[in-house]
Amino acid sequence: MANNDFKFITREEKLDSETTRRSLTYWQDVWRRLKKNKLSMFGLAGVIIVILFGIFGPFFTPYEYSDQVLDYSNLPPTLEIYKLEDEFYINVTKEYRVLETTSKGKLLGRIDYVYKDIVNKIYYYAKSYELTLDDGESGNYPLGDTSLLYGSVYSEKWGIAFRDFKNEGSQDEVELTYIHPNSPFNDVLMEGETFDIHSEDLTLTSIIFVSDPDIVNPVYTSLDFDDGAQAIIDQLEVEEHISEVTFGGNMIIVNFSYKLMDVDERPEGYEDVQMTVTYNNVEAKYIHDKVSNSTYLWGTDMLGRDLLTRVMFGARISLTVAFVATLVNFFIGIFYGSISGYSGGNVDNYMMRFVDIINSIPLVLYVILLMVLLKEVVIDVTIFGKYFVIFKGGAGLGTIIIALGSIYWVGMARLVRGQILGLKEQEFVLAARTIGVSRMKIISRHLVPNAMGPIIVSMTMMIPSAVFTEAFLSFIGLGISAPKASWGTLANDALSGLTTYPYQLFFPSAAIAITMLAFNFLGDGLRDALDPRLRKG
Amino acid sequence: MKKKILDVKNIKTSFFTHLGEVQAVRGISFDLYEGDVLGIVGESGSGKSVTSLTIMNLIEEPGRLKEGEIIFDDIDISKLNNREMSEYRGNEIAMIFQDPMTSLNPVYTIKNQMMEVIRRHTDLTKAEAFERAKELLDLVGIPDPELQIHDYPHQFSGGMRQRALIATAISCNPKLLIADEPTTALDVTIQAQILELLKDLQKKTNMTIILITHDLGVIAEVSTHVIVMYGGLIMEKGTVEDIFYRHQHPYTKGLYRSIPKTTKKDKDRLIPIEGSPPDLMNPPTGCPFSPRCPHTMKICLEKQAPLFNLSETHTSACWLQHMDAPDVKGFTKTKEAK
Amino acid sequence: MDERKPLLEVRNLKKYFDKSRGFFKREKRILTAVDGINLHIYKGETFGLVGESGCGKSTTGRTIVKLYKPTDGEILFNGVDLATIPEKDMLPYRRKIQMIFQDPYASLNSRMTVTDIIGEGIDTHKIFDDQEDPELAKQEKIYELLESVGLKREHASRYPHEFSGGQRQRIGIARALAVDPELIICDEPISALDVSIQAQVVNMLEDFQKERELTYLFIAHDLSMVKYISDRIGVMYIGKMMEIATSDDLYDKPLHPYTKALLSSIPVPDPNNPNKGSRIVLEGDVPSPINPKEGCRFASRCYYARVTMAKENYPASFSNALIGKTSIKTILNPESREIIVAENQVITDFAATLIDELGFTEVLVGKAKCFTETPELVEVRKNHYAACHYIEEINKDIL
């Protein structure tokens, strides 16, 4: 050992023991703890995704939340397609509408009914029909295009087609009815027979050429003939006689009679067949493919509105309600709670009893009362010539925000009060008081910043609760009104078709569930991260 | 020859936190003979409490005993698992803690808590255990144990709770009692009661005690042997007279100088130890006390001093004791301990 | 009385807290934290206030700075009664009286930087508002304060959690000094610190006292440190002042039985301390300050006030005694079934049977006055005050 080792060293040479410790600030430490908690990071990611989904999602869809396409109502997100020929695919909906699609699931259009054999459960569809008139003129017309048949035509083979004169004068509303000889009308209407189309009871609106199948049944039950029938058919002045209407080769025949049979009743080879699709005399027993609906990714609702777009808009509404309500709570709660807590004594006592009273009113009752109260209230402004409605009473966004905002602060006020009560005896607050710092400054600079941890946790937990309450109120019909939709109203709309179209409930309720879980996970993680008892480790 | 109760060999305990390894105990060794009262004195962060928890095998995540052996009754208890260790805890080795309120379960009566411990470690019947519990409460000076034993902890005052805890701790006649700051939370008049009680019990039962405290007065009052810890290491070790009258380590000297002497008439200015205790995250490479020491040498910053034998009972870990070191008044040079 | 004029004089100060329970506070429970204490502190001196936890010493300090509204009494600061000054007019006095707190962790707001913490008083009292650049002046003052408490300029922008306990306590001292106070109330400023750090802080407080002519009210339970730092010391017990004397006088010749017990309880860092065996160990615990009984607060633990007699021997000891039935009402501690009878009272056969029938296990022979009359603080010797009825009897050898 060198002697040199035992030389005294000067003070300056020593390590400076007065250096401060390197450590993290409060929020850095919270962030570090939060990062360690996997579940809460999932939550945070979920929250960010849901927010982005709501804010930016609608920019990426071509639809508005209110765009209706009735032909495409109740479409699921996954389409079962039948291949009829190359590049010709169809999907048969649950309501036996036939939609033409691509092999990738893109919707191309609807193929109308030609005829429904309801008794045998065989429906006929065609994209177009070929019409040959008596004078030999013929043409190929898309189904549903009735302009050619303006007036009345008669065909030996296909029966009569006539115009509904009920809406005389308005060309737009002309509906044409074609009675097929094989149609159920044959029971009542023989060839050559006439009937009074002026009859009030005659609601012959649609059998063929008109898309909606549901009106088939009432048609002939309400048919009523009277004596003046013959004369009237003369008045029809049959202009043209159709000699032939051909659907022939390109008719799509959907036979779903198998569906109604027990499996062992089905003919041989059809034991596992639900329905068959015949096109060009080729019968397809099975679906060609299941493809996702690339036109409406999450399907459509009962009015043919894009569900994805509606859920995105729903996110906007639900999150707006949640954030605005929470923000309102935050300010009212902190203001009220900190004054109550810091004042203490009787002031605190009375303020807290008031809180108890508010807390004892059931939320639903409160919302209904508010709706009645605010029914007539409309607050609007015109800025730069543009008209904005800031608030509109009745069932809707504004009322829900006001209801949640004016009820939920109670919890926040209690929390803040509790925190302040604990903090105000802390020595740093006493120190500020001995210095002479004013009340408001003590609250704003010393108390509230130190109570921020639990407040933030409570806010994070309050957001899902507000989302849920809003959904609940909308679900029971007290919330957002159509055509706007929050997740709650979406779920409500889906309820009627739950067994047939479960996806309509799935997407909004999944959105609610994910949002609630994400915020709760995040809130849990934050609570752990902010908990002073756990901070030492 | 007194029987050796405990032999602690070079234990190192660390806590692995997010910021890095906190080396709470960095290699300490000592042995303990039957009937000794060993006082471990040190400031907060010196590792004295962690030492006691390590002996009790009570170090929890993220802490870990990195190396070393703790031989108790010829068995290395540091290697025992929790179940095996629970045979020792409360039975062979008992511990009392600083805060008597948190050491007692508030929802059970004193009777329940004492009887649970007694019946776990002995085969006494319920009635016998109850009798024993009452005896013990009487022994630790709780008035009217017949009535008080049915009370809940909150009905006891701080001093009474500490007495009840001591009663529980000695219920199975442990060979070793570890008392971790048993009087810190108590008022000075109550502290006097508890110290008297501990001394009294020690005399009666010839129990071996490890007393951990930051108060030199308490140490002087009760202990027979003293270890002075700093920065997770032993600075000085000896009998109570060695440490109080013949202290050789600059830290012990500094500590002694920085407390006011009530017995002294005139008011000498206190001589504080400069600076702050070391950061155990990055402990100094050499002697942990070197940044605050008035006699720092070059070697102090580089290497921790070994223990130097000052007498049969007295060792000190300071380079000033080294034969080659310069002469400083008040420091004796001697040979290294084996 | 000293001819110096006291800077602070507290007269009959009371602070009660209402801890009543039940519906409409039916069960009256008054916590008499401070129950009529008198003290005076001269300019430039250090007055130590000691006592066990719950004795009201901290409450006294906090009431003096009006953190609590006094229930009764006067707080004369430079002749002005602070007790009557409403909160809104307190600001000028707040600058004169400052406080240093016990817990170095809780006494600094962890969300504020050191600059903000120390500068808060400067801002509140607009100390540099007449300067050209108040912000710069404030910053300079903060640097100066930091350096004077042994910290560095660059620490100004740090947060409290980056400092050790001792460093934090020094920031707390800097905060108190920032407004140039005359009186500083030190509420256990060193209790939470390590032994080696305590001396640093104590020395620093002494230096500032000399430099700035500060007056300290030093509250602590560590008697040896109080003795070291104080010129005079007051000993409190459950809201009452028991004894006031100069520190040497108090330590050398304590007069009050409580002070004697307190001093002898201090563990002395000397294994061969000659007094080691002769310690006075008080029995029992500090009684609750809620609804305290009449008489001397210390009477229930006082070894002069009472002597316990076992059941078997009390008739013999009191053979010539006579006691009125009424005296049995003075039951002390009904749970432990003890009664107290005055030494000069005598037990009749009737009373003895009654005692037996009531199932009392012990009879305490007490000095009745201790249990019925509250002793006043009187000047027993020059500058030495004590509150005990039998002070002369007890201290025959000293007085």
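Biologist: Which residues does B:H121 touch, leaving out those up to four places away in sequence?

Modeller: This is a predicted model, and in it B:H121 touches B:G90, B:N91 and B:C172 once residues up to four places away in sequence are set aside. The residue itself sits in helix α4 of chain B, which spans residues 110–121.

Biologist: Is B:H121 buried or exposed?

Modeller: The cut-off for a buried residue is 20 or more other C-beta atoms within 10 Å of its own. B:H121 is buried because 20 other C-beta atoms lie within 10 Å.

Biologist: Which domains does the assignment give for chain B?

Modeller: Domain 1 of chain B is made of 1–92 + 174–285, and domain 2 covers 103–173. Their C-alpha centres lie 26 Å apart. Where they meet, 13 residues of domain 1 of chain B are in contact with 13 residues of domain 2 of chain B. Helix α8 of chain B (residues 188–205) gives the largest share of the domain 1 side, six residues. By class, that side of domain 1 of chain B has nine nonpolar and four polar residues, and no charged ones.

Biologist: How do I read a sheet, and in what order do the strands of the open sheet in chain B run?

Modeller: In general, strands of a sheet pair through backbone hydrogen bonds, either parallel or antiparallel. Here four strands of chain B form an open sheet in the order β2-β1-β4-β5, with antiparallel pairing. The edge strands are β2 (20–33) and β5 (75–76) of chain B, each of which pairs on one side only.

Biologist: How many bridges join β4 and β5 of chain B?

Modeller: Strand β4 of chain B (residues 63–72) and β5(B) pair over two bridges, in the antiparallel sense. In β5(B), B:I75 is the bridge partner of B:F72.

Biologist: Which helix of chain B packs on the sheet?

Modeller: Helix α1 of chain B (residues 48–55) does, touching β1 (4–17), β2 and β4 of chain B. The direction of α1(B) makes about 70 degrees with that of β2(B). This helix is mostly covered, with eight of its eight residues buried. Among them are B:V50, B:L53 and B:I55, along with B:K48. After α1(B) comes B:N57, whose phi is positive, near 60 degrees.

Biologist: What describes a pair of packed helices?

Modeller: Two packed helices are described by the angle between their axes and the distance between the axes. In chain A, helix α6 (residues 307–343) and helix α9 (residues 397–423) pack at an angle of about 35 degrees, and their axes are 5 Å apart. The crossing of α6(A) and α9(A) is right-handed. By class, their contact has 22 nonpolar, seven polar and two charged residues.

Biologist: How many residues does the contact take from chain C and from chain B?

Modeller: The contact takes 35 residues from chain C and 41 residues from chain B. On the chain C side, α5 (165–177), α6 (195–212), α7 (223–229) and α9 (257–265) of chain C each supply at least two residues. The largest share of that side, seven residues, comes from α6(C). By class, the side of chain C that touches chain B has 17 nonpolar, twelve polar and six charged residues.

Terms used:
Residues are numbered from 1 along each chain as its sequence is written. Chains are lettered from A and ligands numbered from 1 in the order in which they are written. This is a predicted model: local features need pLDDT of at least 70, side-chain atom pairs count only at pLDDT 80 or more; totals for chains, interfaces and linings use all residues. Two strands pair if DSSP finds at least two bridges between them. Two residues are in contact if their C-beta atoms, placed from the backbone, lie within 7 Å. Axes are lines fitted to C-alpha atoms, for helices over the stretch in contact, and angles run from 0 to 180 degrees between N-to-C directions. Ala, Val, Leu, Ile, Met, Phe, Trp, Tyr, Cys and Pro count as nonpolar, Asp, Glu, Lys and Arg as charged, and the others, Gly among them, as polar. A crossing is left-handed if the near helix is turned anticlockwise from the far one by less than a right angle, and right-handed if clockwise. Domain bounds come from an automatic or database domain assignment. A residue is buried if 20 or more other C-beta atoms lie within 10 Å of its own, exposed if 12 or fewer, and partly exposed in between; C-beta atoms are placed from the backbone.
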